[in-house]
Amino acid sequence: MTPLSVKPVASTWCPGCGDFGVLAAVKKALIEVQVPQHEAVLVGGIGCSGGIHNFLEINGIHALHGRLLAQAVGVKLANPKLTVVAAGGDGDGYAIGMGHFIHAFKKNASILYIVMMNETYGLTKGQASPTAPIGFEGNVEPPFDAILTALSLPAHNFIARTFSGDPKTMTAVLVEALRFNRANQGYAFVEDLSPCVTYNDTFKDWRERVLDVSKLPGYDPTDRKVMFQLCLDTMEKGKIPIGVMHRPAPKTTDSADSLELKLLPDRIGPAVTGIELADNLAAYDKLIKSVT
Amino acid sequence: MTTPATQTTPIAADSLPFGQRPPKELTDLAVLIGGQGGDGTLTVSDLLGRYFRKRGLHVYTSRNVLSRIRGGHADSSIRASRDPIAAMKAHVDLLVAFDNEAVQIGQPELEPDALILYDSSVFHSDLPNALGFPFATLAGSQLGQPIYKNTAAYGAISALMGFDPATTRQVIEERFKRRSPEALEKNLKALEIGRKAAMELPNAHDRWHVSDGDAHNQILTIGNQAVALGFVVAGGRFFAGYPITPATEIMEYLMRYLPPFHGVVRQAEDELAAINMVIGASYAGARVMTSTSGPGLSLMTEGIGHAGTAELPVVVADCQRVGPSTGEPTRHEQSDLAHLAHLGHGEFPRFIIAPGTLEDCFYLTIDAVNLADKWRLPVILLLDQALCQNSATSAPLDLSRARIDHGKRLTEAELAQLTSYKYYQFTDDGISPQVPPGTPGAFAQVTGNEHDENGHVSVNPVNRVRMMKKRMEKMVHARDDLPLPQYYGPSGAKIGFIGYGSTWGPIREAQELLALDGVPTRFFQARTLFPVQTHTLAPFLEGVEVAYVVEHNYNGQFAQLIREALPQHHAKLRSIVKYDGLSFRAPDLAARVREAR
């Protein structure tokens with residue numbers, strides 16, 4: 001069916017922004033895993049990156065600052081058939097949204113969360129974000145590391161870090177993450193290093209420092225302890241570890257760990273179940289009569 | 001309505017000693033049971049409630065607990081009456097005290113001829129109207145555990161009040177039959193221990209006789225349960241919340257009720273997550289609700305504004321308690337209204353709907369869910385601690401009065417007839433036809449940024465004005481959809497009451513007390529608080545010389561809203577406010593009106 005809705009608007013990002021790489025990779029990945037266009041929902045955060053849903057022909061909800069994960073989980077649990085991608089910046093996810101960031105791993109709903117990480121608040125003109133190095137814009141606090149945090153939270157999650165300077169690998173990782181979600185395996189978190197060319201242009205620096213951990217001896221993405229150590233060792237050498245950091249062994253439907261299957265084993269969600277009175281009258285009558 | 005306390009049968013033989021008097025007939029009585037948290041005061045109240053209901057009486061109970069799990073003073077009150085009741089009585093006929101603190105706290109509440117029944121194994125009282133029974137010692141020595149003291153107390157009360165012995169025993173059997181046979185047996189023994197102790201005491205037993213009533217076809221519920229039931233029947237299928245007194249029971253009931261209906265209940269990590277999870281689920285097409293109280297409401301405020309401008313239906317049940325900050329978590333107040341009427345930064349439409357009775361809690365929750373869905377905006381279901389948590393008998397809930405209104409939700413066939421689909425399409429009534437995401441051919445682009453009809457971010461000044469009007473004028477277009485007030489009392493009365501929520505009970509009783517004095521009054525029970533219902537309030541105010549706006553806050557918040565909307569009636573409005581954490585009592589309300597005359 002030809003979409004009745006209008007075309008997406010032109011992007012508002014600065015030329016050369018790392019987020020263009022994410023936009024392209026998301027598009028390619030959705031096509032590759034053959035998500036029906038009307039069944040994809042993109043939940044955007046607040047900040048430059050959060051506008052991403054406006055630039056795609058897709059269902060989109062532009063959340064409140066820091067709250068995109070809560071809204072994305074709500075969408076997924078209301079209709080588990082939808083493929084839900086949340087995408088925002090590191091200020092949105094790791095500062096104002098930190099509570100939800102941690103809980104998303106624990107909840108383990110099968111949604112994909114992409115953080116476009118650039119160490120700065122671009123939209124408000126370049127303040128330090130939680131990932132900013134010491135010295136950046138007067139920052140005196142050590143940077144937050146999302147991958148180490150994610151690895152420390154025991155859950156059946158897919159965890160990866162990618163780099164906008166390598167869109168091919170990024171697309172492959174997003175494809176894998178989406179397949180993980182669509183198999184109702186659980187939550188997928190991908191941090192993409194996505195430089196802000198205006199306030200913190202780290203393209204050159206990061207290109208030199210990124211290190212694909214899958215090429216290192218001992219790489220085992222099923223073992224959190226090994227991966228935590230591998231990441232720490234890489235960081236101590238001044239490098240930035242990228243690649244798939246956690247890829248748990250698949251679970252069968254019977255042993256599913258994802259929130260939506262635990263709550264809705266038959267995959268019929270609150271948004272698509274019948275709510276007409278006539279269809280429920282007998283059950284309602286029983287419920288009402290249970291109050292004596 | 002209620003027969004006031006002063007109407008119990010007068011006794012001529014008051015000068016006779018207890019044992020020689022005929023029992024005093026009680027048609028409306030109150031028992032206060034106090035002790036330390038964990039003493040089982042709620043158990044005594046529950047047992048009495050079961051007895052009274054079996055005898056066809058209406059029952060109203062409230063509890064006074066501190067915000068802690070065990071310990072600290074806790075008391076439960078129970079009132080029973082031949083007539084429907086929705087408030088506590090002004091005074092207590094019987095005080096059951098498990099410690100001396102309960103006597104200190106309860107004494108000012110007592111009727112002149114009230115009795116104090118106390119546990120003499122814990123303390124001694126010299127008060128002339130105090131009867132000591134060593135409940136804990138008796139239960140401990142004869143049953144091995146002092147915990148049966150509350151059932152023993154129930155046994156003693158049954159003797160004092162001349163309960164029917166068979167019904168008294170039946171209550172214990174029903175209450176404890178699901179526990180172990182040993183628990184049932186020990187509780188039956190405890191009942192006899194207490195009963196025997198009271199019967200052996202000269203002058204104590206059969207002091208009163210409680211009249212039977214004819215209220216047999218009643219349910220016992222709390223507002224929070226009725227709200228949960230209403231949500232399910234309204235097609236509500238997604239709920240997220242965070243535990244907070246006095247709202248938590250809504251979530252707990254829904255955790256039991258929703259799963260068989262493909263519903264989801266999530267206890268979120270905080271209120272920010274709760275409101276945003278329901279926003280996400282609402283976007284996906286589910287009928288949603290969250291519930292909270294003052295502190296949580298403050299955290300949800302940004303989200304509610306987001307729902308208002310993104311035009312996503314959400315119902316927020318606000319169970320008001322004493323605020324601000326942590327305030328008094330377990331105490332009663334109605335002080336969130338001003339905040340809710342002006343909720344959030346910026347401007348967005350909202351309806352504030354306020355049930356006043358347990359039945360209202362059920363039917364108005366259904367209305368709230370329909371209104372949110374049809375008008376695509378946040379609806380606040382405004383409750384208060386007394387309404388949420390005090391249990392009372394109520395008429396059974398009637399499913400035939402329920403309805404589902406989807407508003408302008410499009411079917412796939414209707415969608416196929418369209419040549420374009422705009423999520424925020426301009427229409428005469430401000431409601432844009434909708435399909436949820438997941439429907440082929442139509443994309444839902446939603447944002448809290450100002451947006452154009454397609455849901456794309458826009459700062460165009462012409463669009464901004466049209467969009468603001470589209471949203472804000474829903475509050476005008478929806479006028480005839482909003483719950484109407486209920487009126488009580490003769491229409492010609494020159495004295496008016498205006499109130500909402502749990503003030504319904506005290507106001508209705510105060511009306512009866514005043515009517516006995518020959519003072520007719522008319523009561524406007526507001527059920528839609530915002531937008532202020534000028535089309536019903538103005539004629540009401542025109543008909544009275546003075547209107548007392550009764551509410552639980554310092555500023556007279558509802559009166560202020562009415563004044564703002566109807567300045568021409570400013571001089572007729574008088575505030576009766578109470579903000580000590582406790583509910584109004586009818587005689588106090590009646591006295592305030594008498595004083596003013």
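**A close look at one loop, and beyond**

Analyst: Start at B:Pro324, which sits in the loop of chain B between strand E13 (314-320) and helix H11 (337-341). Keep in mind that this is a predicted model. The peptide bond that leads from B:Gly323 into B:Pro324 is cis, with omega near -5°. Why stop here? Most peptide bonds are trans.

Chain B has another cis bond to look at. This one runs from B:Thr245 to B:Pro246, and its omega is near 0°. B:Pro246 also belongs to a loop, between strand E10 (238-241) and helix H8 (248-257) of chain B.

Follow the chain past H8. The loop between H8 and strand E11 (264-267) of chain B holds B:His262. B:His262 is not a glycine, yet its phi is positive, about 60°. Most residues other than glycine have a negative phi. Is B:His262 buried or exposed? Count its neighbours. A residue is buried if 20 or more other C-beta atoms lie within 10 Å of its own. B:His262 has 21 C-beta neighbours inside 10 Å, so B:His262 counts as buried.

A:Asn108 has a positive phi of about 60°, and it is not a glycine either. Its loop lies between helix H4 (98-107) and strand E4 (112-117) of chain A. A:Asn108 has 23 other C-beta atoms within 10 Å, so A:Asn108 is buried.

Now look at where the two chains touch. On chain A, 51 residues are in contact with 57 residues of chain B. Four elements of chain A give two or more residues each to this side: strand E2 (59-62), helix H2 (68-78), H4 and helix H10 (277-289). H2(A) gives the largest share, eight residues. By type, this side of chain A has 30 nonpolar, 15 polar and six charged residues.

Three bridges join E2(A) to strand E17 of chain B (residues 445-447), and the two strands run parallel. Find A:Ile61, and you will see B:Val446 of E17(B) opposite.

Go back to chain B and step out to its domains. There is domain 1 (5-210), domain 2 (220-401) and domain 3 (484-596). Taken over C-alpha atoms, the centres of domain 1 and domain 3 of chain B are 35 Å apart. Their contact takes five residues from domain 1 of chain B and nine residues from domain 3 of chain B. What kind of residues does domain 1 of chain B bring to this contact? The answer is five nonpolar, no polar and no charged.

Finish with helix H18 of chain B (residues 534-543). Its buried residues include B:Leu537, B:Phe540 and B:Leu541. They cover an arc of only 95° around the axis, so they are on the same side of H18(B). What does this buried side pack against? Its partners in chain B are strand E19 (495-499), strand E20 (521-525), strand E22 (546-551) and helix H19 (557-565). The face of H18(B) away from the buried side carries B:His535, B:Pro539 and B:Glu542, which are exposed.

Methods. Residues numbered from 1 in each chain as written. Chains lettered and ligands numbered in written order. Predicted model: local features only at pLDDT ≥ 70, side-chain atom pairs only at ≥ 80, totals over all residues. Buried ≥ 20, exposed ≤ 12 C-beta atoms within 10 Å, placed from the backbone. Contact = placed C-beta atoms within 7 Å. Nonpolar A, V, L, I, M, F, W, Y, C, P; charged D, E, K, R; others polar. Pairing = 2+ DSSP bridges. Domains from an automatic or database assignment. Arc of directions from axis to C-beta.
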